[in-house]
Amino acid sequence: MAHDTTTGHHESAVKRIWTVFAILSVVTIVEVALGIIRPAFLEHTSFLAMKLLNWIFIILTLYKAYYITWAFMHMEHETKGLRRAVVWTALFLITYLIFILLTEGDYIYEVYKNGQVAWDF
Amino acid sequence: MEATVVRTGTEGKTWGGGNQPLKASYGKMMMWFFILSDALTFSGFLAAYGFSRFKFIDSWPIADNVFTHFPFLHGVDAPMYYVAFMTFILIFSSVTMVLAVDAGHYMKQSKVILYLFLTIVGGFIFVGSQAWEWTNFIKGEYGAVLTKGGNVLQFVDGEGERVSINDLGVEIPGGVAEHERQNGIWFDTGETTNSFSLEEVMTGFKANEDVFVKTQVNKEDGTKTILSREESLNKLEKEGVGIVEGANLQHNEYGAPLFADFFFFITGFHGFHVFSGVMINIVIFFNVIIGTYERRGSYEMVEKVALYWHFVDLVWVFVFTFFYLV
């Protein structure tokens, strides 16, 4: 990326940093507030085998991760090739790993629960 | 002599060599790929945590009941506040870091020094906070009874407030005595003893009608099951084998020992990253002060360590979610 030496560009870069900081702070405050209040209807609604509240936490986390990577780590200024080499690789492998491990974990839970062997004696 | 230059016919093309197709320097690109592999390592740990949690989904500890301390607020139930504070410290040190990078683009040495300094201070506060969090977790607060099956039984009063075994236990003369230096000729260390033995806690429990057992079993509404007086007594007598105070790699008064194992391992590994990040930042900080990058004409080195520092923040965002929120 070319570094513009005009002050106009500099000010907008600094402004973007503070904007992103504000976004990250607000999202964190929302997360903490939800974590303390734990609204009953979000806690009791289940969506795709998980509480709605947990889905909200995970989505907000990914939203924060996007801003940290794109704005703070300047991923938005990197070339398409570098960006995809890093982001797509990570996304694919992590999603796959989470999928197989959580499926397996749930299976073992079922075995413990319904199997004939007592494990809590 | 004949020249041995290989001509490939790709000269001048994007990937023909001699230029930077990804428009990033070698160092920066390698920092990105290091971060990618480190991200996969952390994902492996967090996914393993998720695996164990799904395995014990109906008895996993609830973070809000575990991390309830805040400095100077003794005995006040303050879940999440402290860890939220830690998150803000780390986000803010990321902001000062990106400001340092920005100042570096304009070769403003004094500003880079100031912002890097603030980043280092933030890093130290975070590592210190984590040490404090660990101390509380290791020390424990209320204690619990260990069962034969390796579970824990905690105590609550009629309102559902936790009761400490220290308030419950009744000293029985001639019970557990700690082996002390004055009693032995060859004294290395005594066995660590709990504040009260199981027998003493049982005596206290029988004498106190307003105390109930809280098991690890999660109810539908996301709280733990509390037994009736009769069931409590029955369960304690049938299954209790000992007392657990605090958490370590074998026992955990808050619930599944695996929870403690993963907590120590993942936050420990992250804390180690923060610590090494602070060390690297300090090296770069002194390089900036003695003017290395001023002479080099570029502050790209600051950008590279900044990438690492932001990554540490990025990991924390996920650790925060999966250990404290979900």
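Me: What makes the crossing of helix 3 of chain B past helix 10 of chain B left-handed?
Reply: Helix 3 of chain B passes helix 10 of chain B in a left-handed crossing. The term applies if the near helix is turned anticlockwise from the far one by less than a right angle; clockwise would be right-handed. This is a predicted model: local features need pLDDT of at least 70, side-chain atom pairs count only at pLDDT 80 or more, and totals for chains, interfaces and linings use all residues. Residues are numbered from 1 along each chain as its sequence is written, while chains are lettered from A and ligands numbered from 1 in the order in which they are written.

Me: Why is helix 3 of chain B called roughly antiparallel to helix 10 of chain B?
Reply: Take the angle. The axes of helix 3 (residues 81-105) and helix 10 (residues 300-325) of chain B cross at roughly 160 degrees and come within 10 Å. Axes are lines fitted to C-alpha atoms, for helices over the stretch in contact, and angles run from 0 to 180 degrees between N-to-C directions. The classes are: under 35 degrees roughly parallel, over 145 roughly antiparallel, 65 to 115 roughly perpendicular, the rest oblique. The crossing angle of roughly 160 degrees therefore makes helix 3 of chain B roughly antiparallel to helix 10 of chain B.

Me: Which residues make that contact between helix 3 and helix 10 of chain B?
Reply: From helix 3 of chain B they include Val83(B), Leu90(B), Met97(B) and Gly104(B). From helix 10 of chain B they include Val302(B), Trp309(B), Trp316(B) and Tyr324(B). Contact means that the C-beta atoms of two residues, placed from the backbone, lie within 7 Å.

Me: How do the residues of this contact divide into nonpolar, polar and charged?
Reply: There are 13 nonpolar, four polar and two charged residues in the contact of helix 3 with helix 10 of chain B. Ala, Val, Leu, Ile, Met, Phe, Trp, Tyr, Cys and Pro count as nonpolar, Asp, Glu, Lys and Arg as charged, and the others, Gly among them, as polar.

Me: What makes helix 3 of chain B roughly antiparallel to helix 4 of chain B?
Reply: Again the angle. Helix 3 and helix 4 (residues 109-139) of chain B pack at about 160 degrees, with their axes 8 Å apart. That makes the two helices roughly antiparallel. Their crossing is left-handed. Helix 3 of chain B brings residues including Tyr82(B) and Phe92(B), and helix 4 of chain B brings residues including Tyr115(B) and Phe126(B). This contact divides into 15 nonpolar, seven polar and two charged residues.

Me: How do you know that strand 3 and strand 4 of chain B pair?
Reply: Two strands pair if DSSP finds at least two bridges between them. Strand 3 (residues 211-218) and strand 4 of chain B have two bridges, in the antiparallel sense. So the pairing holds. Asn218(B) stands opposite Lys224(B). Strands (E, at least two residues) and helices (H or I, at least four) are DSSP runs, numbered from the N terminus.

Me: What makes strand 4 and strand 5 of chain B edge strands?
Reply: Start with the sheet: it is open, has five strands in the order 4-3-2-1-5, and pairs antiparallel. Strand 4 (224-226) and strand 5 (240-244) of chain B each pair on one side only. Strand 5 of chain B is joined to strand 1 of chain B by four bridges, with Val244(B) as the bridge partner of Ala144(B). Strand 2 of chain B pairs with strand 1 over two bridges and is joined to strand 3 by four.

Me: How many residues of chain A are in contact with chain B?
Reply: 45 residues of chain A are in contact with 46 of chain B. Helix 4 of chain A gives the most to its side, with 16 residues. That side of chain A divides into 25 nonpolar, 13 polar and seven charged residues.

Me: How do you know where the domains of chain B lie?
Reply: The bounds come from an automatic or database domain assignment. It gives domain 1 (26-140 + 259-325) and domain 2 (144-245) of chain B. Their centres, taken over C-alpha atoms, are separated by 37 Å.
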